[in-house]
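Good morning, colleagues. Please look at the structure on the screen while I go through its cores, its helix packing and a few individual residues.

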Amino acid sequence: MARDQVQRKRPALGLRAVNERKRLVTSVMICPAKSSMELNPEIAYYVVHFHSHLMTDTEVKAQRHLFATMKATMGRSDEPAQREAQKHKIHSRMLSDEPNVLSLTRDGYERFQLTTAARILRDSADKVLFNYCPRCGKLARTATAKQCRHCGHDWHRTSLT
Ligand SMILES: [Zn+2]
């Protein structure tokens, strides 16, 4: 039975403590080969979204700038959209004019997310937790998900042990 296999598979001690503290499951593991992993928009979203504490101050400002731009322009984030957002009464307050921030936002949000995820994986690979499905091994949608969107496997009950 797949569930029994999952229960027997325990991660290393230190990692288990981290997982318990964050209420993550035993399938969360640190992948040693991560640096060679192919970075796609799905993985970049996961890395940036669930590891924002690993972002630099400049990256945080760049993300805030791009989020404000997308709110002001119905989801656009390219350079013209960023200029347009400067005219927005509310969202313009979150924009940055620092050159090092703007160098990160220049190509829009998707590019920013890829660049930032790559930087995080390069500098803090040991702190990135990937929540893999214990059945099919694919990446779950969130760091705390207990159901796989790829194969439908549900590991809510196995994580209670
Ligand atoms: Zn799965």
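The largest nonpolar core consists of 8 residues: Ile 43, Ala 44, Tyr 46, Val 47, Val 48, Ala 117, Ile 120 and Leu 121. By a nonpolar core I mean a set of buried Ala, Val, Leu, Ile, Met, Phe, Trp, Tyr and Cys residues joined through C-beta atoms within 7 Å. A residue is buried if 20 or more other C-beta atoms lie within 10 Å of its own, exposed if 12 or fewer, and partly exposed in between, with C-beta atoms placed from the backbone. This is a predicted model, in which local features need pLDDT of at least 70 and side-chain atom pairs count only at pLDDT 80 or more, while totals for chains, interfaces and linings use all residues. Residues are numbered from 1 along each chain as its sequence is written.

Apart from its neighbours within four places in sequence, Ile 43 is in contact with Ala 117 and Leu 139; contact here requires that the C-beta atoms of two residues, placed from the backbone, lie within 7 Å. In soluble globular proteins, nonpolar side chains tend to be buried together.

I turn to the packing of α4 and α7. Their axes are 10 Å apart and meet at an angle of about 160 degrees. The axes are lines fitted to C-alpha atoms, for helices over the stretch in contact, and angles run from 0 to 180 degrees between N-to-C directions. The two helices, α4 and α7, are therefore roughly antiparallel, a term that applies to angles over 145 degrees, with angles under 35 counted as roughly parallel, 65 to 115 as roughly perpendicular and the rest as oblique. On the α4 side, the contact is made by Glu 59, Ala 62, Leu 66 and Met 70, and on the α7 side by Tyr 109, Phe 112 and Thr 116.

Is Met 74 buried or exposed? Met 74 counts as exposed because it has 7 C-beta neighbours inside 10 Å. It sits in the loop between α4 and α5, and its phi is positive, near 60 degrees, in a residue other than glycine. Most residues other than glycine have a negative phi. Arg 93 belongs to the loop between α5 (79–85) and α6 (99–105), and is exposed, with 8 C-beta neighbours inside 10 Å. Tyr 132, in the segment after β2 (130–131), is partly exposed, with 17 other C-beta atoms within 10 Å.

Finally, confidence and overall make-up. The average pLDDT, the predictor's confidence in each residue from 0 to 100, is 82 for the protein, and 75% of the residues score at least 70. Over residues 1–36 the pLDDT is below 50, although this stretch has 48 contacts in the model beyond near neighbours in sequence. Where pLDDT is low, the predicted coordinates should not be read in detail. The protein has 7 helices and 2 strands, and 27% of its 161 residues count as buried.

Technical notes. Helix = DSSP H or I, 4+ residues; strand = E, 2+ residues; numbered from the N terminus.
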